[in-house]
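Reader: I would like to learn how to read strands, sheets and helices in a model. Please take me through some cases.

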Amino acid sequence: MTAEHQRLSVNALRKIPLEQWGPYLSERQWGTVREDYSAYGDAWNYFPFKHAHSRAYRWGEDGLAGICDFFGNLCFAIALWNGKDKILKERLFGLGNGEGNHGEDVKELYHHLDNVPTHYYMEYLYKYPQQAFPYEDLLQKNRERSKLDPEYEILDTGVFDNNEYFDVLVTYAKKSPQDILIKIDVTNRAEKAASITVLPTLWFYNRWSYIGTDQKPEITYLNKTAVKASHHRLGNYYLYFQKPDDCFLTENETNTEKISGEPNPSAFVKDAFHDAIIEGKHIAELRQNKKGTKFSPVYKLKVAAGATKTIYCRLSNKWVDNAFIAGFEKVFLSRKEEANDFYAAILPAGMNADMARIQRQALAGLLWSKQYYHFDVERWINTGDGENPPSANRLGGRNHDWKHLKNQDIIAMPDKWEYPWYAAWDLAFHCISMAVVDPCFAKHQLLLIMREWYMKPDGQLPAYEWNFSDVNPPVQGWAALQVYYIEKRKAGKGDIVFLKKVFQKLLINFTWWLNRKDVSGNNLFEGGFLGLDNIGVFNRSTPLGNDMQLEQADGTSWMAMYALNMLEMALEIAVHDIAFEDTATKFFEQFVLIAEALNEHGLWNEEDKFFYDTLSIAGSTPLQLRIQSIVGLTTLFAVSAIDKKTLDKLSDFKKRITWFENYRKRNKLFWPNEEKSNGESILLSLLPKERLVYLLERLLNEDEFLSEGGIRALSKHHEKHPYSVTINGISYDAQYDPGDSTSDLFGGNSNWRGPVWIPINYLIIQSIRKYGSFYGNSLQVEYPAKSGKFLTLAKIADGLTERVISLFKKDENGNRRLFGDYNWFYKQPGNEHLVLFYEYFHGDNGRGLGASHQTGWTSLVAELINELHHSNNGKTDLASEAATAEEGQGQEGEE
């Protein structure tokens with residue numbers, strides 16, 4: 001029971017298992033739907049980056065390496081100036097969707113180095129150029145590049161070539177829940193001395209300008225090393241700081257002169273510190289001002305080559321006469337030690353240092369992804385923002401039918417810059433990794449998305465703020481089971497109450513799917529893009545015509561998986577509460593009917609041995625869209641096994657499924673189940689064994705889906721054989737694109753036509769493990785295809801896991817595949833242990849692509865390392881493929 005575990009046990013008793021203070025500050029609030037009050041939903045242009053310094057936000061705040069309380073009322077972050085930039089570095093810079101050649105993208109170097117679930121210890125590293133930050137160069141070069149070109153990144157600009165940059169390491173260590181010590185280490189990586197201005201900044205979220213409260217919070221200057229922040233809900237907090245070169249106080253209010261041309265009532269506006277530091281304006285007023293809502297002490301440092309200078313601050317709800325008494329630095333050492341103890345207790349022992357760092361940084365990034373998210377759709381639609389009045393277009397525009405949605409919670413985001421908003425299926429994957437470090441919070445997150453202020457009254461779950469009505473794959477039941485079993489393994493017992501809560505909510509959502517996404521009532525489901533953006537030849541969320549219907553292989557597969565998840569939950573609960581036995585029977589029968597529809601109603605292509613989406617056109621033969629992609633591979637996901645012990649405890653369920661099996665077999669109807677010869681378990685699978693083998697032959701073929709870094713989203717077969725189809729005189733095409741998207745579908749900032757995606761690989765690996773557990777040595781498959789080596793499915797799952805982990809792991813030359821051409825930078829002293837967790841990875845060379853800090857679902861690599869370590873009996877050296885070579889050769893000899 002480490003110190004961190006003890007704190008977590010206290011949190012577990014709370015209604016919301018959350019610390020009051022954490023890394024809840026967003027890394028980007030501008031360019032979001034919440035801040036968009038334009039008439040036609042042009043979020044990126046309505047509130048662009050250039051407005052963020054001067055314009056008050058409506059629905060939250062953002063900052064650099066920041067923290068806030070769990071209602072986002074009081075925020076702390078850092079601002080920097082290298083003496084050359086035209087603006088302070090208050091927030092991360094990136095391109096909006098229309099500015100980048102592959103959509104929006106952050107153009108900075110930063111790393112979430114460490115964190116623990118209670119946030120008693122956190123580290124954030126930001127790399128700040130000493131030359132002028134290349135804002136315009138990044139913008140222009142990316143605008144000049146086409147979809148076929150790679151993105152122009154900050155490491156391409158040359159500002160880091162000679163190590164002319166600062167490492168700014170911000171460390172937080174809590175003395176108590178409301179007493180936070182802050183250390184800002186500024187290290188000069190250059191070969192000559194350099195100057196930097198540092199502004200630790202405290203400010204209030206501006207609610208007063210929009211809700212008209214007379215209880216405006218206030219920051220009051222007390223003395224040269226302290227201010228008091230007073231808030232009617234939060235109470236009093238004190239920011240203590242070492243003696244600075246200056247102190248500035250202003251208001252977190254819009255600079256109307258810059259934004260709309262209207263004169264400001266005073267000099268005290270949001271960007272006043274920019275003007276003071278860079279242009280020398282209003283310095284006297286800011287110094288003399290003793291009250292406001294935004295405050296910074298100012299430190300002007302000159303740092304020698306290779307040296308480090310440190311600034312200490314302290315944010316506390318208590319007044320202390322000496323905030324930095326002798327020995328206070330020991331708190332940082334103590335909390336770091338506690339963090340080490342915590343990870344030593346929860347992660348496998350005996351791993352090499354590089355693998356341990358990958359795991360810890362993945363989980364740290366996941367914990368840094370927690371964000372305060374505030375959005376009341378009804379209020380957003382019916383009010384203005386002070387710049388624009390309510391719009392008639394918005395009354396019937398984006399999300400107008402989600403007025404019940406009133407969110408104000410801490411949520412694990414996919415990436416707090418690129419995706420500073422939740423997505424239903426992303427969050428499900430986040431919770432699996434979160435369960436490794438904080439199962440209570442993981443359970444809370446899954447239940448939160450199903451609460452009545454999220455879930456629509458008809459049962460639909462919100463997709464994401466750009467269109468809450470879009471449909472994500474229904475993976476919440478699967479994720480709930482994963483979280484349940486992770487906690488059960490750790491605690492020795494499962495949380496049945498949690499399963500019951502999830503099950504009852506998902507009954508409503510499952511019914512919504514049946515009623516809304518199976519129009520013909522034939523158990524073949526639609527669903528639209530289903531989170532896979534450009535996977536199809538056309539936008540699958542857009543109706544093609546009244547006489548056409550797209551029956552989706554993945555929509556149907558996800559629903560089969562959903563039915564099995566509900567069945568598994570019902571059985572687990574029924575062992576403790578027999579009232580759930582009947583619902584288990586219902587989902588068993590539902591699964592059988594979906595499996596029958598998928599296998600026998602036109603989605604399987606016997607020639608290709610693959611599943612495809614099928615377009616039904618009135619008066620015409622159904623048209624299979626023969627794209628070999630993960631759409632067809634999702635059929636692997638619907639697999640489960642029921643053991644004999646469970647069946648013996650649930651006699652009515654056993655009796656019913658026996659009758660159902662006999663009835664269907666007697667009437668020559670499809671039956672998807674297979675029983676072990678010893679009668680110990682029953683396999684429930686969407687795939688008959690023969691079709692499973694056919695799909696695995698494609699999956700494990702390096703000329704098709706199998707890459708060195710895992711399973712591609714679209715077969716490499718389409719590199720030389722692009723797919724084309726003409727519908728209503730319009731030609732649609734799809735080809736293998738292993739890197740960035742060459743399509744504009746869904747913004748063009750992500751690509752499902754070739755790259756490797758970690759969540760899909762995780763699902764594939766888990767499914768193959770389940771098949772392997774059932775078949776054991778009785779089923780061996782060639783791995784890789786055409787290699788002559790035959791392995792069990794369990795060993796193949798290990799091999800696939802190794803390939804995914806190899807994206808992150810150092811090779812013999814110290815390179816990480818994910819860094820691609822930028823390994824030169826990450827091999828330099830001080831950078832060699834840094835890892836990034838990209839959204840997806842190049843299908844041929846494994847280079848990281850898309851969002852660079854997606855330690856939402858990409859943090860699943862931490863759990864994959866856990867599983868491989870246990871599978872290899874405590875060894876995680878990425879050597880199981882070599883270790884199984886002998887087994888493979890033996891099988892080859894028998895063949």
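Author: Helices (H or I, at least four residues) and strands (E, at least two) are DSSP runs numbered from the N terminus. Contact means heavy atoms within 4.5 Å. Axes are lines fitted to C-alpha atoms, for helices over the stretch in contact, and angles run from 0 to 180 degrees between N-to-C directions. This is a predicted model, where local features need pLDDT of at least 70 and side-chain atom pairs count only at pLDDT 80 or more, while totals for chains, interfaces and linings use all residues. Residues are numbered from 1 along each chain as its sequence is written, and side-chain values use heavy atoms, with hydrogens and water left out.

Reader: In what order do the six strands of the open sheet stand?

Author: Two strands pair if DSSP finds at least two bridges between them. Here the order is E1-E2-E3-E10-E16-E14, with antiparallel pairing. Strand E1 (21-22) and strand E14 (246-250) are at the edges; each has a single partner strand, so one side of each is left without a neighbour in the sheet. E14 is joined to strand E16 (residues 294-303) by five bridges, and Cys247 stands opposite Pro297 in E16.

Reader: Which strands form the open sheet of three?

Author: The order is E25-E27-E26, again with antiparallel pairing. Strand E25 (639-643) and strand E26 (673-675) are the edges, each with a single partner strand, so one side of each lacks a neighbour in the sheet. On average, neighbouring strands of this sheet are turned by 20 degrees against each other, direction ignored. Helix H24 (residues 758-775) lies across E25, E26 and E27, at about 145 degrees to E27.

Reader: What about the nonpolar core?

Author: In soluble globular proteins, nonpolar side chains tend to be buried together. A nonpolar core is a set of buried Ala, Val, Leu, Ile, Met, Phe, Trp, Tyr and Cys residues joined through side-chain atoms within 4.5 Å; buried means under 20% relative accessible area, exposed over 50%, partly exposed in between (1.4 Å probe, protein chains only). The largest one has 274 residues, and Leu567, Phe591, Phe653, Trp752, Leu800 and Phe808 touch the most other members. Helix H17 (residues 553-574) gives the most to this core, with 15 residues.
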